[in-house]
Amino acid sequence: MKVIVKEQNLELVFEKDLVASNLDEQTKTIQNSLKENPDVKKVSLNFENVKELDSLGINLVIATYKEADEKKKDFYIFNTTTSIKNLFHLFKLHTYFEIS
């Protein structure tokens with residue numbers, strides 16, 4: 001995962017699919033990035049390289065959203081495929097955060 005901090009925005013660029021076999025390292029990177037950048041105002045997840053998303057991947061997204069929300073940070077996801085965007089809509093996650 002690539003971490004970019006720019007103008008009060010923490011952008012997390014996933015370089016692998018969000019499936020069970022890839023989550024341990026990505027979870028640690030997200031947790032460390034949020035801890036190391038307490039002054040950011042926005043947390044954005046860049047899904048440009050994500051083609052697959054399983055239930056554990058959705059749980060990681062929700063946990064990241066909850067942590068950002070608790071710390072009063074804006075949260076959004078961008079560069080999703082149509083199928084992943086539809087999955088987020090199916091679970092009504094678009095009512096909690098922006099997905100594009």
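Q: Starting with α1: how many residues does it have, and how far does it reach from first C-alpha to last?
A: α1 has 14 residues and spans 20 Å between those two atoms, close to the 20 Å expected at 1.5 Å a residue (expected span: 1.5 Å times one less than the number of residues). Helices (H or I, at least four residues) and strands (E, at least two) are DSSP runs, numbered from the N terminus. Keep in mind that this is a predicted model: local features need pLDDT of at least 70, side-chain atom pairs count only at pLDDT 80 or more, and totals for chains, interfaces and linings use all residues. Residues are numbered from 1 along each chain as its sequence is written, and side-chain values use heavy atoms, without hydrogens or water.

Q: Which residues of α1 are buried?
A: Leu23, Gln26, Ile30, Ser33 and Leu34; buried means under 20% relative accessible area, exposed over 50%, and partly exposed in between (1.4 Å probe, protein chains only). They cover an arc of only 100 degrees around the axis, which puts them on the same side of α1 (the arc is that of the directions from the helix axis to the C-beta atoms).

Q: And what's exposed on the other side of α1?
A: Asp24, Glu25, Lys28, Lys35 and Glu36.

Q: What do the buried residues of α1 pack against?
A: Against β1, β2, β3 and α2 (55-70), with contact meaning heavy atoms within 4.5 Å.

Q: Switching to the sheet, what's the strand order?
A: The open sheet has five strands, β1-β2-β3-β4-β5, with mixed pairing; two strands pair if DSSP finds at least two bridges between them. β1 (2-6) and β5 (98-99) stand at the edges, each with a single partner strand, so one side of each has no neighbour in the sheet.

Q: Is β2 parallel or antiparallel to β1?
A: Antiparallel, with five bridges joining them. The two make a hairpin with two residues between them, and Glu7 in the turn has a positive phi of about 50 degrees.

Q: And in what sense does β2 pair with β3?
A: In the parallel sense, over five bridges between residues 9-13 of β2 and 42-46 of β3. Leu12 stands opposite Leu45, and Val13 has Asn46 as its bridge partner. The chain goes from β2 through α1 to β3 in a right-handed β-α-β crossover: with the strands pointing away from the viewer, the path from the first strand over the helix to the second runs clockwise.

Q: Which β2 residues are buried on each face?
A: Asn9, Glu11 and Val13 are buried on one side, Leu10 and Leu12 on the other. Five of the five β2 residues are buried, so the strand is largely enclosed by the rest of the structure.
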